[in-house]
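Please look over the model shown below, and then follow some questions about one of its helices.

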Amino acid sequence: MTAATTRKARAFRGTHTEGRTPEELRELVSHAGAELELAPAEHIIEWAVATFGDRFCVTSSMGDAVLAHLAAKVAPGVDVVFLDTGYHFVETIGTRDAVEATLDVNLITITPVQSVAEQDAAYGKDLYKTDPDLCCKLRKVTPLAESLNEYDAWATGLRRAETHNRVIAPVIGWDAKKGKVKVSPLARWSDEQVEQYIADNGILVNPLVYDGYPSIGCWPCTRRVAPGEDPRSGRWAGTNKTECGIHS
């Protein structure tokens, strides 16, 4: 693995499975996608754990701990992967630390090959201004793809209600670029369902969410959102960019 990685000893001991071929994984998606489309989020995670064992992980951007909490209930000790771009708000790092301290998960932090200073030296200062797509590729897309090499499937907190680009996000899908099964247990959840789950279960939430940041990314490319604005309008404001590339 090229991206730097730190982790606790793996606690999750789900049913171990050998890595499947892309053809086998796509076949699983074709059958499971329709069967699980209307299933509760917990059942979707249960299917993923039973199917992939320790070749399944959860990813989290630490906007909140809803997905990590659900996964920890189903599979205590499950791998939760967090991508530290070097540009995160301090509140996001604090939320990651709180998740690791309070939930029964194996928190794995991955980082890009280059530090921010090294990237500045190689590509010029503040690449996020001059070429935001390349910055996202170097600090997000490539490190995450490399970190997923040991997994057959990964779960995301992707929800269809978040943007128009995500309305067709399948609950169980095939990520052709990564060659992985992409599991989105919360795909059908509304904003109200997320808020209710947080309230009912005392879920950790990044403090920035309550400070006008409903969608949180790297600090140079995220601004506050005014009431009534699209929740993701604070991401890459003033540009045509709407996604970092992880989900495209």
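Q: Which exposed residues does the face of α4 turned away from its buried side carry?
A: The model is a predicted one, in which local features need pLDDT of at least 70, side-chain atom pairs count only at pLDDT 80 or more, and totals for chains, interfaces and linings use all residues. Residues are numbered from 1 along each chain as its sequence is written, and side-chain values use heavy atoms, with hydrogens and water left out. Taking exposed as over 50% relative accessible area and buried as under 20% (1.4 Å probe, protein chains only), the residues on the face of α4 away from its buried side are V90, A101 and T102.

Q: Which residues of α4 are buried, and why do they lie on the same side?
A: The buried set of α4 consists of T92, T95, R96 and V99. Their arc around the axis, taken from the directions from the helix axis to the C-beta atoms, puts them on the same side of α4 because it is only 100 degrees.

Q: What covers the buried residues of α4?
A: Contact here means heavy atoms within 4.5 Å. On that basis the cover of the buried residues includes α3 (66-74), β3 (78-83) and β4 (105-111).

Q: How far apart are the end C-alpha atoms of α4?
A: The expected span of a helix is 1.5 Å times one less than its number of residues. Helix α4 (residues 90-102) has 13 residues and should therefore span 18 Å, which agrees with the distance between its end C-alpha atoms, 18 Å.

Terms used: Helices (H or I, at least four residues) and strands (E, at least two) are DSSP runs, numbered from the N terminus.
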